[in-house]
Amino acid sequence: MRFKLKILIYWLQILLLPKFRSRKAIDDFQKKRMNVFAKKILTKSKFYRAFMLNGQFDWQAVPQITKTEFMEAFDSINTCQISIDVAMKLALEAEVSRDFKNKINGITVGLSTGTSGKRALFLVSENERAWWVALVMARVMKPKFFKKQKVAFFLRANSNLYASVASNLFEFRYFDIFKPISGLLEELSDYSPDILAAQPSILMDIADAKRKKFVSICPIQLISFAEVLHQQDKECIESVFGVPITEVYQCTEGFLGVSCEYGTMHLNEDFIRFDKEWIDEDKFYPIITDFSRQSQPMVNYKLNDILQLRKTECACGSKLLAIEKIIGRDDDVLLLDNKKVFPDLIARRIAIATNAFQKYTIAQVGKNKLEVCLETEETEWEQARQAFEYALNNLLREQGILGTTLEFKSKLNTIQGNKLRKIKRDI
Ligand SMILES: [Zn+2]
């Protein structure tokens, strides 16, 4: 009950957060909250305590860090006196046993492996779990007070963080995406969820199954997270289900943004400050300071995601930073002939060129070499291959990139359950 009460309190707090009328109002709000955060939380962190001088926190002096430094300084950054060895042991044991209930001093330990293979650990206290649930309720899954909504949640690994959404308002079923998709689809049909939440590649599989009438679900809300949602996939999924997708920008590092009713992604600037390292006039790496975190502060932390800023105001009226699209991770950007080729551009060209495929991945596997894995109906493969070859060669020529060879394969080289990166640099 105590936990549910916390959720309710946080939920009200989030609903009562100010609706900002200007950029200055957001900056002022952040400054105030960050100073409170420094005094209350950062003073508990050995790493950050040093930047507190005479009651003032020296934000300018705080080093910028990435996942690597963050993990190296794990023991001194976290405020719960948990060592990386103890946390890692617990997290790895949970991955094997698939029992995610273990905690250290009331703190849940999560492990993110990512496709880079680099491990990251995250610590979440009970308060933070309650905050997360409240946030999801306020911004993603809006509760209906007279009807319990059934949520089908496709996840890579379970943890108490997600399971805690279950309540009087939501019934929650977790689908382990490591299990074969055929069994999952059967279970999904039986469950008949009101809300379907999954990464885009799984949503695509389910949309495909619905089109072929293998599943008959009619959710009223779709939620996508964890992978880049390409525009073409978005349109395809939305047309099959007839409902819009709520896109959630959530990663190990936090709940960073969510799309509004107009489909625009807004960053959660009311509890995370986003500084920008510009790549060109509208693309940047976000550097985040999350002033809602308690157990494991994220301060001046550079993500390797590339975001593209939206240049026009969103019709919803929100002043929170609007993102045109999440382009992907830094290593999703191909680097050919010393020129950057952004994955969304490639995905767009492919979508324009052909529809005659089920799935594809494009990986840069050498300095001048792309590997294209293409799954189609058997009779359509050669036609699709030619369309891909034509589209890619044209695009490369336009970019002034010479001498790139394409190698085609007829089977995707992916592991079920892993995040699908459609386009990536793999060298
Ligand atoms: Zn909006």
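**The zinc site**

Modeller: Follow the sequence and you'll find the donor residues of the zinc ion spaced C-x5-H-x47-C-x1-C; donors are N, O and S atoms within 2.8 Å of the metal (3.2 Å for Na, K and Ca), and with water not among the atoms, sites may look incomplete. Keep in mind that this is a predicted model, where local features need pLDDT of at least 70 and side-chain atom pairs pLDDT 80 or more, while totals for chains, interfaces and linings use all residues. Residues are numbered from 1 along each chain as its sequence is written, and side-chain values use heavy atoms, leaving out hydrogens and water.

So who holds the metal? Cys260 (SG), His266 (NE2), Cys314 (SG) and Cys316 (SG) coordinate the zinc ion, at 2.1 to 2.3 Å. The angles among these 4 donor atoms run from 99 to 117 degrees, and the site is tetrahedral (four donors, all angles between 85 and 135 degrees). Now look at where two of these residues come from. His266 sits in strand β12 (residues 265-267), while Cys314 is in the loop between β16 (305-309) and β17 (322-329), so this pair ties together parts that are 48 residues apart in sequence. Strands are DSSP runs of E, at least two residues, and helices are runs of H or I, at least four.

His266 is buried, at a relative accessible area of 6%, and Cys314 is buried too, at 6% relative accessibility. Buried means under 20%, exposed over 50%, partly exposed in between (1.4 Å probe, protein chains only).

Now zoom out. The chain has 13 helices and 23 strands, and 53% of its 427 residues count as buried. Its C-alpha atoms fill a box of roughly 70 × 50 × 45 Å along the principal axes.

Phe154 and Phe175 make a stacked pair instead, with 4.7 Å between centres and 10 degrees between planes. That pair links distant parts of the chain, with Phe154 in strand β6 (residues 149-155) and Phe175 in strand β7 (residues 170-176), 21 residues apart. Phe154 and Phe175 are buried as well. Going back to Phe51 and Phe57, they belong to one aromatic cluster with Phe47, Tyr48 and Trp59.

How values were computed. Four donors count as tetrahedral if all angles lie between 85 and 135 degrees; four count as square planar and six as octahedral if opposite donors are over 155 degrees apart and all others between 65 and 115; anything else is irregular. Rings of Phe, Tyr and Trp (its six-membered ring) pair if their centres lie within 6.5 Å; planes under 30 degrees apart count as stacked, over 60 as edge-to-face and the rest as tilted.
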